[in-house]
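Me: I'd like to learn how to read a structure like this one. Could you walk me through some features, step by step?

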Amino acid sequence: MENLFPDIHFLTTVSQGRLSSKHIDTTCLTAEVNQAAVHNTNFCISGSVDAFQRPPISDFARQNLFYIQDFDIFHYQFGSFTERSGFDSFLLLYTYDGSGSLTYEGKTYPLKSGDGFFINCMNYHLYKVEGNHWDTGILHINGILLPAFYEMFQEHYEPIFHEELNGQLHQDIHKLLKTYQDPQYYRDWQASSCIDQLLNHLLILSHANNVLHDTPDNIRYLIKYIESNFAQPLTLDSLAAFANTSKFYLSREFKKHTGYSPNEYIISLRIERAKSLLKNTTLPVYAIAHEIGIHDINNFTNLFKKRVGMTPTQYRKYL
């Protein structure tokens, strides 16, 4: 396999035989992530690993930002596996070559070149080689917002995704490693921004892989209809009639595929439009409320403050 990150320094280690969790001496593991990773872990590994030499992470970053815990490229050989739970980390694994599998949340997923997964390592998981070899990039990340991000992610998407080799995901990881490798005073901020970008791309990938093609046509058409007519008086009855379905089915399927109830989605669109009008026009607040389809100024003010944290007038003042 070609050098995936030619300008990034890795420390390469080749295993002599099989490395097993039953025989490893944990006192030799100086890196904190390696110390933690072997806890509640059963593994057997053969092959080689290219380990990224991550710099120290500041306390500020741990308490406020996204940060990397570990990144390795494993060249697994036949029989290698990792079985674990109770590890405070979020794992993004990407397959560069060969094949493997993931068992997670009661399901088993096959993995081939271009396949990856994103999981919470606190939950039980098992990933292993299927065949003679499996070349993977393994990225452990954490941060103050990751538990909430993962909860949202898990609610809507399967853990598995696919992207062709050398796609945006690989480029995002390369940018992240380069940021950590180049000493800068503001490195933790830059790295957190890189991880944020990576997570956003993961959402796009997962949406394309797991949701878009499964969304019923009537729900997709309804979403487009709402986005074009959110300022009109829309009721659940009228939306159900448009989608030619029951109100119960509509409410369930709409939230499944958007994360919002129909009413919450309409309100969110209205508030976003109001923010734009407050920022880019001199229209009075009452006129903006009518423009977005809310004809009670007090109701508009309360909805806006609840979602934005300030009144429309305050929002315009502090722009």
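Reply: Happy to; let's start with a loop. This is a predicted model, and in it N166 sits in the loop between β11 (160-162) and α4.

Me: What is the phi of N166, which is not a glycine?

Reply: The general idea first: most residues other than glycine have a negative phi. N166 has a positive phi of about 65 degrees. E105 also has a positive phi, about 55 degrees, and is not a glycine either. E105 belongs to the loop between β7 (90-104) and β8 (107-111).

Me: Is N166 buried or exposed, or something in between?

Reply: N166 counts as partly exposed because its relative accessibility is 46%, and partly exposed is the class between under 20% (buried) and over 50% (exposed).

Me: How do I read the strands, and which strands pair with β4?

Reply: A general point to keep in mind is that side chains in a regular strand alternate between the two faces of the sheet. Here, β4 covers residues 47-52. Strand β1 (residues 10-14) runs antiparallel to β4, joined to it by five bridges. Strand β5 (residues 66-77) is likewise antiparallel to β4, with five bridges. For two pairs to find on screen, look at T12 with its bridge partner D50 in β4, and at A51, which stands opposite D72 in β5.

Me: How many residues of β4 are buried?

Reply: Five of its six residues are buried, so β4 is mostly covered.

Me: How many disulfides does a search of the whole structure find?

Reply: The test is whether two cysteine sulfur atoms lie within 2.5 Å. The search finds zero disulfides. Take C121: the nearest cysteine sulfur belongs to C44 and is 19 Å away, and C121 is in no disulfide. C121 counts as buried, because its relative accessibility is 0%. C194 counts as buried too, at 6% relative accessibility.

Me: Which residues make the nonpolar surface patch?

Reply: F60, Y185, Y186 and W189 make it, with an area of about 580 Å². A patch residue needs over 30% relative accessible area. Y186 has 42%, so it is partly exposed. Y186 lies in the loop between α4 (168-181) and α5 (187-211).

Me: And how should I read a database annotation? Which residues does "HTH araC/xylS-type" cover?

Reply: Treat an annotation as a label from a record, then look at the model. The unreviewed UniProt entry places this domain at residues 220-318. In the model, that span is 75% helix and 0% strand, and its end C-alpha atoms lie 37 Å apart.

Key: Residues numbered from 1 in each chain as written. Predicted model: local features only at pLDDT ≥ 70, side-chain atom pairs only at ≥ 80, totals over all residues. Heavy atoms only, no water. UniProt positions renumbered as here; feature names shortened; annotations may be inferred. Helix = DSSP H or I, 4+ residues; strand = E, 2+ residues; numbered from the N terminus. Patch = residues over 30% accessible without salt bridge, like charges linked within 9 Å, V, L, I, M, F, W, Y side chains within 5 Å. Areas by Shrake-Rupley, 256 points an atom, 1.4 Å probe, with all protein chains shown as cover. Salt bridge = Lys/Arg side-chain N within 4 Å of Asp/Glu carboxyl O. Buried < 20%, exposed > 50% of the residue type's maximum accessible area, 1.4 Å probe, protein only. Pairing = 2+ DSSP bridges.
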